[in-house]
Amino acid sequence: MNGDEQLLNGRVYGHDHDDPNPGPLPHRTYAELVGGPLDGLLLDIHGWRTEEVDDGVAL
């Protein structure tokens, strides 16, 4: 894992790179993005329907 990948790992998708707390919040639900350029980022899925989460999505 290179430096850029380590920087992204555990960050929430959409948060700014200089956000003082780019990690997940305890009261939200997240899915980990895998297998692409966003690998390791977390996607906030709080409030999504079960069907939306179960079906998956290609970004």
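The model is predicted: local features need pLDDT of at least 70, side-chain atom pairs count only at pLDDT 80 or more, and totals for chains, interfaces and linings use all residues. Residues are numbered from 1 along each chain as its sequence is written, and side-chain values use heavy atoms, with hydrogens and water left out.

**Salt bridges**

Side chains of opposite charge can pair when their charged atoms come close. A salt bridge here is a side-chain nitrogen of Lys or Arg within 4 Å of a carboxyl oxygen of Asp or Glu. By this rule there are three salt bridges.

| Pair | N to O distance |
|---|---|
| Asp44 and Arg28 | 3.0 Å |
| Arg49 and Glu51 | 3.2 Å |
| Arg49 and Glu52 | 3.8 Å |

Take the pair Asp44 and Arg28. Asp44 lies in strand β2, while Arg28 lies in the loop between α1 (3-8) and β1, so the pair ties together parts that are 16 residues apart in sequence. Helices (H or I, at least four residues) and strands (E, at least two) are DSSP runs, numbered from the N terminus.

How accessible are these two partners? Asp44 counts as partly exposed, at 26% relative accessibility. Arg28 also counts as partly exposed, at 30% relative accessibility. The cut-offs are these: buried means under 20% relative accessible area, exposed means over 50%, and partly exposed is in between (1.4 Å probe, protein chains only).

Now turn to Arg49. This residue forms a salt bridge with Glu51. Arg49 also meets Glu52 in a salt bridge. Shared partners join Arg49, Glu51 and Glu52 into one network. Glu51 is partly exposed, at 45% relative accessibility. Glu52 is partly exposed too, with a relative accessible area of 33%.

**Two buried residues**

Where is Gly40 found? Gly40 sits in the loop between β1 (30-32) and β2 (42-44). Its relative accessibility is 6%, so Gly40 counts as buried. Gly40 and Arg11 are 29 residues apart along the chain, and their C-alpha atoms are separated by 7.6 Å.

Leu42 has its place in strand β2. Is Leu42 buried or exposed? Leu42 is buried, because its relative accessible area is 16%. Leu42 and Pro24 are 18 residues apart in sequence. In space, the C-alpha atoms of Leu42 and Pro24 are 7.7 Å apart.
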